[in-house]
Amino acid sequence: MFLSSIALSNENQQAPLSQFFNTTLSQPVSVAIDADELMLTPITDKVNDTVELVVFNHLTLKQLCQLSHLINCPSMILMAINERLGKTSLRFALPTVTDNIAGLNKAVNELALQWQHEIALLQNAPSLSEPGLLVMDMDSTAIEIECIDEIATLAGVGEQVSEVTELAMQGKLDFAESLTARVNALTGACESILAKVGDSLPLMPGLEDIVKALHQKQWKVAVASGGFTYFTQILADKLNLDATQANQLDIVDGKLTGKVIGDITDANVKAQTLVKLQQQYQFDKRQTVAMGDGANDLTMMSVANLGVAYKAKPIVQQKATSAINFSGLDVLLHWLK
């Protein structure tokens with residue numbers, strides 16, 4: 001059972017939410033905050049949960065109060081306490097928050113960065129109880145490295161290529177032009193270096209867990225990458241991914257020619273891939289999620305219902321609807337209803 005009220009004493013304010021909200025909800029609970037106490041009242045009326053705030057149970061009561069003031073919502077509705085993949089999150093409906101969602105989102109994301117917590121302000125979030133689609137970037141999102149930089153290092157042009165990669169991910173260079181230049185720098189490199197990189201792809205923490213959990217809920221999971229098919233195929237085989245999209249390196253007589261075969265998978269192609277898969281699987285757009293870290297992921301994130309910046313470049317942090325900065329990919333599961 002919940003306490004009916006919690007005094008906002010200094011001791012209580014510093015305590016984690018797990019000390020006060022540590023049970024399964026049988027019905028939504030109104031959480032009203034004033035200057036002296038936090039009042040909890042079970043409610044039976046239908047709740048508008050279009051806009052939601054999701055936090056984890058190690059957040060302190062003081063921080064929850066600060067969030068309430070930041071979004072100008074002194075009365076929130078606790079809709080769910082979710083235990084997913086070893087983490088516990090609290091999901092609050094914000095029925096009075098209807099305006100300036102983008103501005104509030106930016107403010108919440110900035111505060112989350114300052115506190116080094118994962119927090120999301122979500123509007124019409126996808127539901128885990130219905131089939132859906134997740135499309136992820138690969139390099140520095142699904143895996144911890146940039147494959148082209150690793151290839152370049154083995155080919156002896158690492159510094160030259162990594163500088164261009166960083167500028168492209170920050171949105172300071174056109175992606176297609178930057179990829180063409182980087183691949184050209186690999187001209188004459190032995191095909192065998194691809195295997196050296198591919199044999200030890202470091203998966204991002206939480207990747208295997210989130211793919212398995214989503215598949216169990218009848219979701220489809222895909223990778224759309226500005227990297228290369230050689231590595232997306234390794235991921236597809238290892239994780240049983242439902243689809244992949246990437247660039248194909250041209251190789252002749254065991255040597256990289258410095259070119260890619262066919263059109264480059266750039267920001268637009270990534271977005272088109274998400275839309276095509278959504279239509280192929282006949283999912284409602286509301287059930288689509290895109291996740292990435294670089295500027296070339298922004299278009300894909302904009303056509304999904306939920307765009308998630310994962311340990312992303314500043315330009316992506318500023319434009320994404322939500323972010324994960326300090327945890328594994330499995331935190332995404334808590335962003336879903």
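## Terms and basis

Ala, Val, Leu, Ile, Met, Phe, Trp, Tyr, Cys and Pro count here as nonpolar, Asp, Glu, Lys and Arg as charged, and the others, Gly among them, as polar. The model is predicted: local features need pLDDT of at least 70, side-chain atom pairs count only at pLDDT 80 or more, and totals for chains, interfaces and linings use all residues. Residues are numbered from 1 along each chain as its sequence is written, and side-chain values use heavy atoms, with hydrogens and water left out.

Helices (H or I, at least four residues) and strands (E, at least two) are DSSP runs, numbered from the N terminus.

## Largest pocket

On a 1 Å grid over the protein atoms alone, a pocket is an open set of points with protein on both sides within 12 Å along at least five of seven lines, while a cavity is a set where a 1.4 Å probe fits but cannot get out; lining residues have an atom within 4 Å of a point. Grid points are joined across faces, edges and corners, and a volume is the space filled by probe spheres set on the points.

The largest pocket holds about 230 Å³ of space. Its lining has 17 residues, and Ile101, Asn105, Leu121, Ala320 and Thr321 lie nearest the centre. At least two lining residues each come from H3, strand E7 (120-123) and helix H12 (314-319), with H3 giving the most, 5 residues. By class the lining has 7 nonpolar, 8 polar and 2 charged residues.

## Cavities

There are 2 cavities of 30 Å³ or more. About 120 Å³ of space lies in the largest cavity. Of its 16 lining residues, Asp139, Glu146, Phe175, Gly226 and Gly227 are the closest to the centre. Strand E9 gives the most to this lining, with 4 residues. The lining of the largest cavity divides into 6 nonpolar, 5 polar and 5 charged residues.

The second largest cavity holds about 30 Å³. H3 supplies the largest share of its lining, 3 residues. The lining of the second largest cavity has 4 nonpolar, 4 polar and no charged residues.

## Packing of H2 and H3

The axes of helix H2 (residues 61-70) and helix H3 (residues 101-115) come within 11 Å and cross at roughly 155°. H2 is therefore roughly antiparallel to H3 (angles over 145 degrees count as such). Axes are lines fitted to C-alpha atoms, for helices over the stretch in contact, and angles run from 0 to 180 degrees between N-to-C directions.

Contact (heavy atoms within 4.5 Å) is made by Gln63, Gln66, Leu67 and Leu70 of H2 with Leu104, Ala107, Val108, Leu111 and Trp115 of H3. These residues divide into 7 nonpolar, 2 polar and no charged.

Note on methods
Angles under 35 degrees count as roughly parallel, over 145 as roughly antiparallel, 65 to 115 as roughly perpendicular and the rest as oblique.
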